[in-house]
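Student: Can we walk through this one? I'd like to begin with the strands and then move to the helices.

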Amino acid sequence: HEIDWRSVYPGGAPHLPLPTYPWQRRRHWVDSKWGGPGRRVDAGALAHVVEWRPMPRSGSLSSATGERWLLVGDAAGLGRELAELVRASGGEAVATGGTDHPAGPYARVVYLRTGEIDPSTTPPRRAARGVEEALRLVRLGSPLWIVTRGAQDEVGRFEDAALWGFGRVAALERPEAWGGLIDLAAVPGEDDAASVFAEVAAPDGEDQVAFRGRVRCVPRLVPDRSLDRPAALPVRADRTYLLVGGVAGLGARVGRWLVDRGARRLALVSRQGASRGDAVAEELAGLGAEVRIFAADATDAAAMGSVLDEVRRTLPPLAGVVFTVGLTDHEGAIDGLDPARVAPALAPKTEGAWILHERTLDLDLDFFVLFGSAAAIWGSREMALYAAANHWLDGLARHRRSLGRPAVSVDWGWWA
């Protein structure tokens with residue numbers, strides 16, 4: 001039977017003549033700008049960054065007439081101001097500072113992460129609590145808007161970047177219960193309430209918005225042109241490089257990459273320690289490197305402190321850190337996730353990276369690299385916790401840079 005390929009590819013597709021017999025040896029690779037077997041790939045063409053572009057609002061005037069809104073968080077601040085705007089527009093506003101609230105239904109739910117920070121909690125714990133509450137709110141079934149302050153900026157509450165990772169997955173899994181993400185400037189402005197009200201009351205199709213002063217910006221994924229002329233990463237034979245997150249898989253690949261570029265002292269940290277790392281250590285030693293393998297849980301501050309103390313005492317000065325820790329208990333559709341799972345699921349990346357950040361702040365490092373996932377940028381079904389943890393790493397990298405320390409977070413696609 002003849003296949004109607006037009007029904008499969010209505011927009012058209014390239015056609016290639018294929019051999020009729022198995023002994024006809026011909027090359028049928030599709031040449032493209034992405035390269036092919038044996039061809040060097042242009043990193044600048046593959047690597048992308050999120051660029052925030054000014055974008056004025058479009059659409060109708062904002063109104064909440066006849067609507068009932070639930071406002072959760074910052075009840076004495078932005079929540080109060082937003083409630084006043086809702087009521088002045090003919091709507092009803094139910095404002096609560098905690099997790100208890102009257103039963104719905106609600107036309108809109110707004111989760112405000114803009115209030116005072118509890119100084120007794122750490123950024124990883126605050127991130128987990130935020131995701132736990134967002135998980136509860138999205139299940140109400142009404143369009144949920146999450147409002148953060150500086151989560152997408154160099155200066156601000158970087159830990160709430162986890163909510164953006166979560167929200168991008170919620171938009172895919174629960175479109176009927178999704179409103180959007182709004183990031184306000186780190187410093188409160190007099191127009192904050194009006195800006196949030198306009199976005200929530202009359203969405204214009206942009207469900208991710210950041211306000212920088214009075215400028216409304218939206219994210220766009222664009223090629224990273226900084227890689228057109230990449231600066232050489234300093235790798236020195238008389239320094240030590242710390243790899244946290246396994247002695248196999250990514251850890252081994254990064255180790256080989258560093259040794260190929262001149263590194264001669266590597267410290268590898270994983271929970272399994274030498275039980276899984278002997279083969280890697282032997283391979284790298286054959287390439288001319290001295291490799292020390294440490295057994296430690298990245299989320300154990302005392303254990304990681306001991307590792308770093310040992311590295312400082314017995315090896316040349318530390319010059320670079322690569323964090324490749326993965327997650328295990330993170331998969332599941334939002335509808336089936338237990339809020340009690342959130343903190344343990346995020347911890348390997350959030351707690352682990354935070355400990356490493358704090359323990360190396362006083363060091364003169366050449367680089368501090370965090371391995372994340374592209375799921376944090378555009379979402380991935382059943383990966384809400386994974387996206388949250390990885391976008392938290394993006395926030396931590398921005399936070400480190402704001403402190404004058406080197407940091408970059410790489411959100412990888414699939415690893416082959």
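**Strands and helices**

Student: Which residue is the bridge partner of L243 in strand 10?

Tutor: L268 is the bridge partner of L243. Keep in mind that this is a predicted model.

Student: In what sense do strand 9 and strand 10 pair?

Tutor: Strand 9 (residues 240–244) pairs with strand 10 in the parallel sense, over four bridges. Strand 10 also runs parallel to strand 11 (residues 290–295), with six bridges joining the two. There, S270 stands opposite A295.

Student: New topic. What order do the strands of the eight-strand open sheet have?

Tutor: The order is 1-8-7-6-5-4-2-3, with mixed pairing. Strand 1 (48–54) and strand 3 (92–96) are the edge strands, each pairing on one side only. From one strand to the next, the twist averages 25°.

Student: How many bridges does strand 1 make with strand 8?

Tutor: Seven, in the antiparallel sense. P54 stands opposite C217 of strand 8.

Student: Which strands does helix 5 touch?

Tutor: Helix 5 (residues 161–173) packs on the sheet and touches strands 1, 4, 5, 6 and 7. Its direction makes about 155° with that of strand 6. Helix 6 (residues 192–201) runs at about 160° to strand 6.

Student: And helix 4, what span should it have?

Tutor: At 1.5 Å a residue, the 16 residues of helix 4 (residues 123–138) should span 22 Å, and the end C-alpha atoms are 22 Å apart, which agrees. Of those 16 residues, 13 are buried, so helix 4 is largely enclosed by the rest of the structure.

Definitions and conventions. Residues are numbered from 1 along each chain as its sequence is written. This is a predicted model: local features need pLDDT of at least 70, side-chain atom pairs count only at pLDDT 80 or more; totals for chains, interfaces and linings use all residues. Side-chain values use heavy atoms; hydrogens and water are left out. The expected span of a helix is 1.5 Å times one less than its number of residues. Buried means under 20% relative accessible area, exposed over 50%, partly exposed in between (1.4 Å probe, protein chains only). Two strands pair if DSSP finds at least two bridges between them. Axes are lines fitted to C-alpha atoms, for helices over the stretch in contact, and angles run from 0 to 180 degrees between N-to-C directions. Contact means heavy atoms within 4.5 Å.
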